[in-house]
Amino acid sequence: MPSDASDRSLDLDFVRRQFPALSEHHPEWALMDNAGGSVVPRQVHRRISDYLERHMMQLGASYPLSQRAGAQVQLGHRAAERLVGAAEGEVVLGPSTTVNAALLSRALRPLWSDGDVVIVSELDHEANVGPWVRLGETGVEVQIWKLRPDTADLALDDLEAMIAALATRATGQLRLVAMTHCANVVGRIHDIPAVAERVHAAGAQLCVDGVAYAPHRLVDVSSLGADYYLLSLYKVYGPHQGLLWGRRELLEAARGQNHYFIDEAQVPYKFEPGNVTHELSAGLPGILDYLGAVDVHHQGAGEDDAEGADALPSRAALARTFARFAAHEVALAEALLDFLRAHPKVRVVGPETSDAELRVPTLAFTVEGRKASELPPLLDARKIAIRWGHFYAERAIRALGLEARDGIVRVSMVHYNTLAEVERLTAALDELL
């Protein structure tokens with residue numbers, strides 16, 4: 001169904017047919033727990049299966065079979081670079097964001113002196129907090145950029161006050177600020193370019209956790225201003241891998257985490273000990289295959305649909321697809337928020353708007369007189385999948401005063417969810433609350 005470029009409607013029947021879990025295996029389920037991991041389109045299945053069947057060879061040898069296998073794995077790197085708008089060689093692939101963040105912290109520590117300062121966000125998933133906090137055991141000073149409990153948000157004014165206080169000290173240089181692009185517990189999007197400008201003015205670097213942002217918006221590392229960016233590819237419709245992007249010169253300066261004989265100039269390999277998981281990396285182009293198929297289905301074929309690298313979709317095609325996702329997700333978020341805002345027993349935690357500039361359709365709420373753990377199990381029998389807890393942002397839940405209530409109830413939708421599923425959820429909540 002080709003359409004005008006200004007039409008951002010999304011053909012949900014086409015989209016859901018691309019996901020076997022939705023269209024074939026579990027069509028009766030409303031899967032609304034996607035912030036923990038999305039289901040995978042058939043394009044990714046095919047790429048992984050094809051590699052295992054045809055290319056599962058040792059890499060790096062001279063014989064043609066090895067060369068072809070290596071090309072498939074390298075295409076995974078090219079696809080990951082295309083996905084985030086990175087230059088060649090700037091993307092590290094690892095088993096998870098938690099592992100990649102820990103690796104980065106170890107790689108940067110030798111460049112810093114005892115007494116130097118790292119600021120971490122209280123709103124982040126622990127993956128982008130714990131590794132930096134652990135550097136406190138090595139002589140680095142760690143400070144906490146606290147969230148504002150009334151809004152469950154990070155305020156730039158608070159960070160600026162911390163930076164200003166550090167500027168008056170005679171010792172201890174601010175080295176890095178670690179924060180989230182989008183809060184995984186409340187779906188709030190933060191203004192990364194504004195933060196990056198302030199952090200760089202202080203002579204420090206910015207490490208951004210984009211895990212909760214990347215499934216909903218097209219990441220463009222070239223325009224964000226961050227120095228390092230982390231995301232989980234298994235939450236962006238791919239296999240279980242993590243992506244770490246860094247500016248090339250910064251990755252070259254950081255200390256390698258591979259074998260001692262791997263040269264410091266060998267980026268990204270010096271940060272991929274044991275190499276990448278071959279079949280999963282070979283599956284990564286399938287993410288772009290899917291995103292490109294959505295664009296072609298709605299837009300029709302165009303001259304910029306693919307750009308080299310085994311005809312991976314262009315950034316322009318990816319941007320059109322994510323624009324459609326965002327427009328549909330606004331409708332999903334508004335439909336659920338409309339119910340939650342009106343219910344007398346419910347408090348929305350985080351933004352109460354569906355504005356695409358301010359949030360993604362990851363919504364958190366509490367219910368008066370009930371623990372968060374009580375509600376999701378009641379929906380299991382209705383085949384509605386949501387979740388409760390702290391979602392590895394335990395520091396944030398504690399700061400919000402919700403620890404004793406078992407955290408929050410979280411509904412995390414993505415573009416393949418439907419308004420009919422939201423209606424099923426709100427009808428069930430209306431009955432149960």
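Mentor: Happy to! The largest cavity has a volume of about 80 Å³, where a volume is the space filled by probe spheres set on grid points joined across faces, edges and corners. A cavity here is a set of points on a 1 Å grid over the protein atoms alone where a 1.4 Å probe fits but cannot get out, and lining residues have an atom within 4 Å of a point. This is a predicted model, in which local features need pLDDT of at least 70 and side-chain atom pairs count only at pLDDT 80 or more, while totals for chains, interfaces and linings use all residues. Residues are numbered from 1 along each chain as its sequence is written, and side-chain values use heavy atoms, leaving out hydrogens and water.

Searching the whole structure gives 4 cavities of 30 Å³ or more. By residue class, the lining of the largest cavity holds 6 nonpolar, 2 polar and 4 charged residues. Nonpolar covers Ala, Val, Leu, Ile, Met, Phe, Trp, Tyr, Cys and Pro, charged covers Asp, Glu, Lys and Arg, and the others, Gly among them, are polar.

Now move to the second largest cavity, with a volume of about 60 Å³. Its lining brings together Asn34 and Ala35, Val211, Ala212, Pro215 and His216, Lys235, Thr362, and the run of Ser412, Met413 and Val414. In this second lining, 6 residues are nonpolar, 4 polar and 1 charged. Both domain 1 (12-40 + 316-432) and domain 2 (55-283) give at least three residues to the lining of the second largest cavity, the bounds coming from an automatic or database domain assignment.

Residues 32-297 are 39% helix and 14% strand, with end C-alpha atoms 25 Å apart; helices are DSSP runs of H or I, at least four residues. Residues 322-425 are 38% helix and 19% strand, and their end C-alpha atoms lie 25 Å apart.

Key
On a 1 Å grid over the protein atoms alone, a cavity is a set of points where a 1.4 Å probe fits but cannot get out, and a pocket is an open set with protein on both sides within 12 Å along at least five of seven lines; lining residues have an atom within 4 Å of a point. Helices (H or I, at least four residues) and strands (E, at least two) are DSSP runs, numbered from the N terminus.
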